[in-house]
Each structure stands twice: as structure tokens, then as C-alpha cells.
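Here are my notes on the model. Please read them with the structure open.

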Amino acid sequence: MSRLLTLLLLPLSWLYAGVAAVRNWLYDTGFWQSTAAAVPLLNVGNLRVGGTGKTPHVAWLTQQLLDQGQHPAILSRGYGRQTRGFRRATSADTAASIGDEPWQHLHGFGGRVPVVVDEDRRHGLAELAAQAPEVTAVVLDDAYQHRRVRPELNVLLTELARPFWLDYVLPAGRLRESRRGARRADVIVVTKCPVTLPAAARQQATARALRYARPGVPVLFSSYEYGAPQPVFATTNQPPGPDQPVVVLTGIAQPEPLLAELRRRGHPIAAHHRFADHHAFTAAELRQVGAAVPAGAVIITTEKDAARLREPALHTSAASLPLFYVPIRVAFLADGAARLQALLTPLLTPRAVA
């Protein structure tokens, strides 16, 4: 967006921010009630629309709970699904019925972790407690602005390349509320950092973040670790070699880190078919992509996109393609993992509903 257009849109942003501020004030003063739960709620969210890395950070947090002997569950809105209301994910579900991110969590944890979706997180928590009383902690996916529930730990994510402290509220920028919303964070994680990010750069980012957060809130830094390409379907095709050209297919908000990783691995990028975040692929689109794949190239997509590409209606078109996804996981820089684990430990005790 040009600077001139940003300036022209700022009055609308101030109006949007004002409405959000009044709403937050009503919750902060107790006029509108936030409900706690019988088990700790750990929220992973952000201030802006678009991808900041919530899905892999939710997975990281959930794995930490499993490693500590907890019985976690994941509660998501299920953005992009074709159903409504409460739904507990099963092996019969697809990305269309529960959303691509919940589907990814369901299969990523092999069914060991209950995954539920509900637009109304308060209702979702009540249904989850009734159906899965063994759950000892719930990870909320993208509930930072969902003030009807009160988490014990609010993890605020922000991208290094697009930090909230340099952004504006919609429509002039991408923020859902003003930068002051960072005061609700118990920890801030600056995501998608290079592993070589210098200490001086981390200190500078920390100082900028703490201008809006509460004093003493930890500011951590994370990066992505990319795994070897995996076939989306059972296939005899071999994963791409180091110098093999690739066609990239994405329907996520920020595909740039994947493109950078593929270039780092030496893959010439023959084409990039870029669609909007949570895009519902069609068979016609996949046929067009497949027809344009150069000889000797394979198609690379993301793990989240692979969830939507596995829709039964797409199987005929997609299964014949040389289609691979690149798995990712979160890695924290410096002592970030230990500091976040230290925040978790005192929270993991049962308590009464407030």
C-alpha cells in the first residue's frame, strides 16, 4: 500500500480502532464478562490479519504439554470450514468440515489430542469439558480478540518482517486493533526470524515491542525449521533433488519464507501459483497447474495447503500430480524455548471456574 493511500485511510482506521478500544474497555472494566475455564487456557494469537505462524506455534505449545504429561486439547474457530457450531474432529473430517488448520493438528498429533472447532469459544469449551473430561489444558488457536474467554497465558505473535509496532489498524494497515492491544500479552514472540538474527537486532525489536506491552513481558524470537518434502498422496515420485526445478502452489497469507527456503536449497522456481489464504482449490485450477509443470519439475506446497488438496472432490485431479509439501516446525532462538516452558509450568494445575 502506498504511503499516500495509507494517509487517506487513516481516519477510517482511527474509527475502527476506537470501536475496538471501547469493546476492550468494556471487558477490561468487567462490564462485559470474560469467562475462565476449569482447566488452564493457553492462547496463541496476533494483532493483525494474515499469517504470523499461529499453526506451528500452537503445535509447539501442544507438544510441550504432552511432554509434561498433560492431556491437552486444541480449540479453534475452524476458519474457512463449510460447517458451523461445535464439532469435534474425527478421522472422517476434512478441511472443508473443520478447517485446514484443525485438520492439520488432528493428523499431526495422530489423534492423540482432541481437536474441536466452534465460533463461540465459550460454548466450545463447555462442550469440550462435557465430552472430554480427561483434558487438563486447552490451547486456543487465534482467540486474542475473543474476549469472552480468559486465558491464563496470552501468547502474542508478530512477524519480524511485519511487526505490529510498525503497522496500522484496518483499513490503512493490517491490525485488528491498535498496538496497545499488546498490553494483554503475557509473552510476545517475534516469528519467522533468521536463525542468525544478531543479538543487537533482537534487543532493538524487544525495545520496540515493550513500548506497547506491559513492563517485564518476555519478548522471544522464533524461526522455522523445514523438513524434507513429503508426498501429499501415496506416489512413486521421488522428492526433488537439490538442483531440481519446482513449481510452488500456495494458498497461505505469507508464502515468502517457503520460497526463500526453496531457493536456499538450490531449487530453481519455475512458477509460483499464488492464491489467497485458506483458498478452496478447484479441480480446474489443479489441472491448469499440472498442465504447466515443466518436464522434470515437481510441485511444492505447504502443509496447510496439503490439507485442502486432500479433499475427496480433488482426489482425481490432485493425486496424479507430482505433489509434495514441506513440513515445518518452530525453533526458538537463544533461550526462548526454556523461557516459554518456564511460563507454562506454574499454570498447569487444576482450578475452579471463575
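1. Burial first: buried means under 20% relative accessible area, exposed over 50%, and partly exposed in between (1.4 Å probe, protein chains only). F281 is buried, at 8% relative accessible area. F275 counts as partly exposed, at 21%.

2. This is a predicted model: local features need pLDDT of at least 70, side-chain atom pairs count only at pLDDT 80 or more, and totals for chains, interfaces and linings use all residues. Residues are numbered from 1 along each chain as its sequence is written, and side-chain values use heavy atoms, with hydrogens and water left out.

3. Aromatic pairs: rings of Phe, Tyr and Trp (its six-membered ring) pair if their centres lie within 6.5 Å; planes under 30 degrees apart count as stacked, over 60 as edge-to-face and the rest as tilted. The count comes to 6 aromatic pairs. Y224 and Y226 pair edge-to-face, with centres 6.0 Å apart and planes at 85 degrees. Y224 counts as buried because its relative accessibility is 17%. F275 and F281 are also edge-to-face, at 5.5 Å and 85 degrees. F164, W165 and Y212 form one aromatic cluster.

4. In α2, 11 of the 14 residues are buried, so the helix is largely enclosed by the rest of the structure. Among them are W60, L61 and L65. G69 follows α2 and has a positive phi, near 80 degrees.

Note on methods. Helices (H or I, at least four residues) and strands (E, at least two) are DSSP runs, numbered from the N terminus.
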